[in-house]
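Thanks, everyone. I'll take you through one model, helices to begin with, then strands, then some backbone details. Please have the viewer open.

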Amino acid sequence: MVFIGNFALALALLLAVYATGASVIGARRKLPALVESAAHAMWATAGMVAVAAAVLWSALLHNDFTVAYVAQHSSTTLPTFYKVTAFWGGQEGSLLFWTLLLTVFGAIVAWQNRRADPVLTPYVFMCLSLVSIFFLGMLNFVTSPFARTVPPPSEGRDLNPLLQNYWMAIHPPSLYTGYVSATVPFAFAVAALITCRLDDAWIRRTRRWALFSWFFLTLGNMFGARWAYEVLGWGGYWAWDPVENAAFMPWLAMTAYLHSVMIQERKDMLKVWNMALIGLAFALTLFGTFITRSGVISSVHSFTQSGLGPYFVSFLCAVVGLYTALVLYRLPQLRSEAELESMLSREAAFLFNNLVLVGIAFAVFWGTIFPILSEAVRGVKITVGPPFFNRVNAPLALALLFLMGVGPLIAWRRATWRNLTQSFSAPAALGIAAGVAALAAGIGQWYVLATISLAVFVVATIGAEFGRGMRARQRTLSESAPQALISLVAKNNRRYGGYIVHLGVVMAFVGIVASSFFKVEVKRSVKDGQSFSVGGYELVYRGISVKDTTHVEEVDAVVEVRKGGRTIALLKPARLFYKREQQPATKVALRQTPLADLYVVFAGLDEKTGMATFQAFLTPMVFWLWAGGLVMALGTVVAFWPDVREREAIARALERRTYALDAGRAVEPLGG
Amino acid sequence: MRFKPRFFIGGGLVAAAVIYLTTTAIRNTAEYYLTVPEVAARAQQLTGQALRVAGRVKPGSVSWEPSSLKLSFKLVAIPEADGTGSDTKSLAGIRKVNDDRQNTSAEFLVVSVGQPKPDMFAENRDVIVEGELTSGHTIMARQVLTSCPSKYVPASKK
């Protein structure tokens, strides 16, 4: 079995090398058949990697401990669900998973573009295949998922207990999907630079890939935060750990990119900027993979160190160096004639939004690598923790929230006073009123007040946009309100999908601010029957109950939650003991409501006195963070939905190009 | 090259704001990240400072009182060339800074009050202690972080 896996990986590497060569030679010598064979090779590569993945999955499911990876990340008692997810629970498997996604996406691109643009496409294939070669090279020569253990142990070491959780099962695949799919727009950008096709065709053709990537990066980050919240048991969801930052930075770059390409599509501006952003996004995905695996930056949840570090650094440097050179080489052609006419315009608002997003990414990057920098420069490792990131990013995030309200409504080119008062006076008045009301209600922190004001302002602008569109339809087409809403969104799905995403961002923002500022924490040791209070809740300890399986022993503390003299819930925070690893673990009990989460940790049991110790948090509005994440995902799906007008625009753009080509040098179209 | 003042004014403003925020925040929140021998060598200077110290939990030194959430243990240096525990590898990059061989026998008493004991905490594990160095080789910890390696060495080898 293992032999098949190794063989498939070797074959996949050869096929990727072939695809690279064939697409370049096919493009240069104008041999469409050769480029087509490159596309076929990319399908075959994906097929071979899928075979290797199937072999690893089968080894995991069959407890084949002759495979070192299985012996280290699984065991006979591990539940089947986690045997499946153990695939990405460790170093080699997660790299194989990454490569699987990359080659499958490559195959999809090859299929989507098999009849498209004969000039750009071969270089897209080349770029995707080159990235595949790197990862396949790692899997074949550096960190093989099919390494043997001699002699095979009779039992595996089991999956890290912290990873034996539902969210951890879906967090890595989402994040990897987001990471890896960013390669597609990047490959198109490289192809556009090489072939000097610098119009917006590459952007239009990868818009959906960029959205796809953003969708999964958003979910990946949300799932990761959710996992931290439920599993780590410290009552929070984000700690600015290097590994979290590694997932957050590509999201920021991708968010900036999604916004700035709109300006290029509409105004033919910011071409260099867009090229830079997609390069940055791709480089940050590689950087993220690198820091989680290299051990260069110590993180609470990093993989063990492996020999991968130097390879990743070299590849990252090569990518950044070559790409920068390519952009500089094409700089004269990338200059656009259009100039920003006014600081009060939609272009300017988008530009500022971009700068702030990149500014946040820069600050996060700086804080993440600061220990390495300070050690290199001053010889002392100096770290910065959450206080640094919060201080820097809090004001920038407020600026972003403000721009989110301004950007979609302000006029293109140059906003007039009339336009400004018309669009913004009502939302601004509402925002200020909300801030004043909150102040009157006794909220003293300026940051919270600013958040409330700006959140109301943004929601009001979004509401106004929906209202305007619906009223117009109701008036001219005499549709009912729900009808008008549905067809408005359906007919302009990119725009209104974007607004829905913005709504989700506001919800998440409010959730983050409320939960950070108003969290209440209580620690108490109590005997059976004793109680203590958290916020308005009374928690009564009702003893323990024990569940025992061959895999894990679970000691639940039964906690009765009372409010106003009535029992409203029975919580069971637990201490787990994973037998294989001799490893204790904590299971948090949660009672979630839109207003506040009650979060109870069973911190310990004193055997002698029978005192149970609890740590309880009352975290307001954390619910809105998760709900906001879902709304963001929903909005992205709406914006992703196929759009007739967009397809026509792409067809027109392609047609224009074909004419231009016919008029200039003659290039034969590929594949009919 | 054509100069586009508006792009650069806007860009300059945001860049200046980011740089200002970053530098002031670093000045106010930076902490030394040191190993046990490094702290021992400069104990006088470092007293009263916020630190992050990487070290290993000394076997037999752990005391845990669940009812008061008080955890105390001795923190010792992570041995130079340690081939036995794969745990150490996740804290790589620390050992190479660790030149100070005279002080490898140094140890600190770490006291943490009010935090539940981390699940991964155990004797001989590598931890990062965040806290303040007080006189008398004691570190009052705000937080004790354990690394969670993806590979496990069973705690008891029977």
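Start with a helix pair in chain A. Helix α16 (residues 417–440) of chain A packs against helix α17 (residues 446–477) of chain A at about 150°, and their axes are 8 Å apart. Helices here are DSSP runs of H or I with at least four residues, strands are runs of E with at least two, and both are numbered from the N terminus. Axes are lines fitted to C-alpha atoms, for helices over the stretch in contact, and angles run from 0 to 180 degrees between N-to-C directions. So α16(A) and α17(A) are roughly antiparallel to each other. The cut-offs: under 35 degrees is roughly parallel, over 145 roughly antiparallel, 65 to 115 roughly perpendicular, and the rest oblique. The crossing of α16(A) and α17(A) is right-handed. That term means the near helix is turned clockwise from the far one by less than a right angle; anticlockwise is left-handed.

Who makes the contact? On α16(A), the residues include A:Ala426, A:Pro427 and A:Leu430; on α17(A), they include A:Leu449, A:Ile452 and A:Phe457. Contact means C-beta atoms, placed from the backbone, within 7 Å. By class, there are 15 nonpolar, four polar and no charged residues. Nonpolar covers Ala, Val, Leu, Ile, Met, Phe, Trp, Tyr, Cys and Pro; charged covers Asp, Glu, Lys and Arg; the others, Gly among them, are polar.

Before going on, a word on the source. This is a predicted model: local features need pLDDT of at least 70, side-chain atom pairs count only at pLDDT 80 or more, and totals for chains, interfaces and linings use all residues. Residues are numbered from 1 along each chain as its sequence is written, while chains are lettered from A and ligands numbered from 1 in the order in which they are written.

The crossing of α2(A) and α5(A) is left-handed. Among the contact residues are A:Met42 and A:Trp43 of α2(A), and A:Leu96 and A:Leu100 of α5(A). The classes come to 14 nonpolar, five polar and no charged.

Now the strands. Which order do the four strands of the open sheet in chain A take? The order is β2-β11-β10-β9, with antiparallel pairing. Pairing needs at least two DSSP bridges between two strands. The edges are β2 (520–526) and β9 (589–592) of chain A, each pairing on one side only. Neighbouring strands in this sheet are turned by 15° against each other on average, direction ignored. Seven bridges link β2(A) with β11 (residues 612–620) of chain A. There, A:Lys523 faces A:Gln615 in β11(A).

Next, look at β5(A). Strand β5 (residues 552–563) pairs antiparallel with strand β4 (residues 537–548), both of chain A, over nine bridges. A:Glu538 stands opposite A:Arg562 in β5(A). A:Arg562 in turn stands opposite A:Thr567 in β6(A). The hairpin of β5(A) and β6(A) has two residues between the strands, and A:Gly564 in the turn has a positive phi of about 60°.

Most residues other than glycine have a negative phi, and most peptide bonds are trans. A:Lys30 has a positive phi of about 60° although it is not a glycine. A:Arg413 does too, at about 65°. A:Arg413 lies in the loop between α15 (386–406) and α16 of chain A. Is A:Arg413 buried, exposed or partly exposed? Partly exposed, because 14 C-beta neighbours fall inside 10 Å. The scale is 20 or more other C-beta atoms within 10 Å for buried, 12 or fewer for exposed, and partly exposed in between, with C-beta atoms placed from the backbone. A:Glu341 touches A:Arg413 and A:Arg414, not counting residues up to four places away in sequence. A cis peptide bond joins A:Val150 and A:Pro151, with omega about -10°.

Last, chain B. Three helices and seven strands make up its secondary structure. Of its 158 residues, 37% count as buried.

Methods: Contact = placed C-beta atoms within 7 Å.
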